[in-house]
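Visitor: I have a protein model to look at. Can you walk me through it?

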Amino acid sequence: MIVPSYEKARFNMVEQQVRPWEVLDPKVLSLVGDMPRDHFVPDNYRGLAYADIEIPLGDGQKMMFPRVEGRLLQALDIQPTDNILEIGTGSGYLTACLAKLGNNVISQDINPAFTEQARQRLAELQIENVELRIADSLNDNIESGRFDAIAVTGSLPEMPETFKQRLNIGGRLFVVIGQSPVMTAFLITRTGEDAWQSEALFETDIAPLTNAPVIRKFEF
């Protein structure tokens with residue numbers, strides 16, 4: 001059986017989707033140019049691994065657009081010594097990217113099937129600096145202290161205080177806030193024990209985290 005090569009598709013994804021969306025950090029461009037995204041998508045979507053779409057994962061969840069993944073990685077500015085928390089493992093692709101950039105990743109997902117699939121895919125690529133946990137990060141306690149970077153891969157209706165409190169001073173949080181179809185990606189930086197700085201990055205629309213609270217709109 002001939003195994004298809006995705007090298008050209010990966011190059012085109014970087015040059016036609018990621019870079020034009022203001023992702024200019026060389027280490028991020030190099031990473032997404034090398035990371036085999038096709039290894040993480042469901043088998044029936046493998047031919048679309050590098051397309052400008054949100055790939056369905058099941059359970060109402062989707063992989064982010066590649067350009068959004070690139071902006072997330074650039075915004076968090078992961079350093080080699082960073083300890084990272086990922087909320088929503090999903091396919092494991094972003095988990096792998098974060099692990100390649102940082103020191104250690106704890107990734108939590110409420111869906112056991114996602115966690116097991118990600119565990120297998122990461123092991124096949126010999127990515128070992130990841131701890132996968134099955135947990136509802138919105139309702140269960142998050143252990144292991146504070147983090148240098150937190151990536152929330154599903155949207156929330158309001159800014160989560162719990163995640164902000166889990167940042168080290170100088171730590172960064174990427175989170176998408178709002179309700180479909182109007183959402184904004186934010187970078188939150190902890191500047192002191194009781195001080196945070198918020199920067200709106202771009203508008204988007206991504207699937208909410210499982211069990212995210214629903215804010216009902218008033219009807220007149």
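Guide: Start with one term: contact means heavy atoms within 4.5 Å. Keep in mind that this model is predicted.

Visitor: Among contacts with a separation of 6 or more, what share comes from residues 24 or more positions apart?
Guide: Take the contacts in the protein chain with a separation of 6 or more. Then pick those between residues 24 or more positions apart. Their share is 54%.

Visitor: How many helices and strands does the protein chain have?
Guide: Helices and strands are counted separately here. The protein chain has nine strands. Its helices number six.

Visitor: What is the radius of gyration of the protein chain?
Guide: The protein chain has 220 residues. A compact globule with 220 residues would have a value near 17 Å. The chain agrees with that, because its radius of gyration is 17 Å.

Visitor: Is Pro-80 buried or exposed?
Guide: Pro-80 sits in the loop between α3 (66–76) and β3 (83–87). Exposed means over 50% relative accessible area. Pro-80 has 61%, so it counts as exposed.

Visitor: Which residues does Pro-80 contact, leaving aside its neighbours within four places in sequence?
Guide: Set aside those sequence neighbours of Pro-80. What remains is Leu-101, Gly-102 and Asn-103.

Visitor: Which residues of α2 are buried, and why do they line one face?
Guide: Helix α2 covers residues 26–34. An α-helix has 3.6 residues a turn, so residues three or four places apart point the same way. Seen down the axis of α2, the buried residues fall within an arc of 160 degrees, so they line one face. They are Val-28, Leu-29, Leu-31 and Val-32.

Visitor: What do the buried residues of α2 pack against?
Guide: The face turned away from the buried side carries the exposed residues Pro-26 and Asp-34. The buried residues, by contrast, pack against other helices. These are α1 (7–18), α3 and α4 (93–101).

Visitor: How far apart in space are Phe-186 and Val-176, C-alpha to C-alpha?
Guide: Phe-186 is found in strand β8 (residues 182–192). Phe-186 and Val-176 are ten residues apart in sequence. In space, C-alpha to C-alpha, the distance is 6.1 Å.

How values were computed:
Residues numbered from 1 in each chain as written. Predicted model: local features only at pLDDT ≥ 70, side-chain atom pairs only at ≥ 80, totals over all residues. Heavy atoms only, no water. Helix = DSSP H or I, 4+ residues; strand = E, 2+ residues; numbered from the N terminus. Rg over C-alpha atoms; globule rule 2.2 N^0.38 Å. Buried < 20%, exposed > 50% of the residue type's maximum accessible area, 1.4 Å probe, protein only. Arc of directions from axis to C-beta.
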